[in-house]
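Please look at the sequence and the structure below before reading the report.

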Amino acid sequence: MTDRLIKKIIEGQEIVTSTADTTVSDAASLMREHHIGAVVVDENGKLAGIFTERDALFRVLAEGRDPATTPLDTVMTRDLQTISADCAFDTALRMIG
């Protein structure tokens, strides 16, 4: 499994995006609709960050923020490490390990 290319692992999966000014509530609804745990956040056509279930739990719920008024850009994960889809899965594992 670890020598498989990332593009083979993710092929056929839809990337769901949202904008930085989307509220947490709207992003959560989008995640529920698509049965996913994260949305990619786009600012002017560029990757700005990712909003995950973990962000919702720790940065919204645990901090007592209002999901209806909190925009993603205040609670998303920024400065993401990325790799090419042509990289092997074990390369990704080493990056996060």
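This is a predicted model: local features need pLDDT of at least 70, side-chain atom pairs count only at pLDDT 80 or more; totals for chains, interfaces and linings use all residues.

Residues are numbered from 1 along each chain as its sequence is written, and side-chain values use heavy atoms, with hydrogens and water left out.

Helices (H or I, at least four residues) and strands (E, at least two) are DSSP runs numbered from the N terminus, and two strands pair if DSSP finds at least two bridges between them. The pairings are as follows.

| Strands | Sense | Bridges | Bridge partners |
|---|---|---|---|
| β2 and β3 (residues 46-52) | antiparallel | six | Ala38 and Thr52 |

Between β1 and β2 the chain passes through helix α2 (residues 24-34), giving a β-α-β crossover that is right-handed (clockwise from the first strand over the helix to the second, with the strands pointing away from the viewer). β2 and β3 form a hairpin with two residues between them, and Asn44 in the turn has a positive phi of about 55°.

Thr22, in the loop between β1 and α2, counts as buried because its relative accessibility is 15% (buried is under 20% relative accessible area, exposed over 50%, partly exposed in between, with a 1.4 Å probe and protein chains only). The side chain of Thr22 makes a polar contact with the side chain of Thr19 at 3.0 Å (a pair of N or O atoms within 3.5 Å, one able to donate a hydrogen and the other to accept it; residues adjacent in sequence count only if both atoms are side-chain atoms).

Ile96, in helix α4 (residues 89-96), is exposed, with a relative accessible area of 71%.
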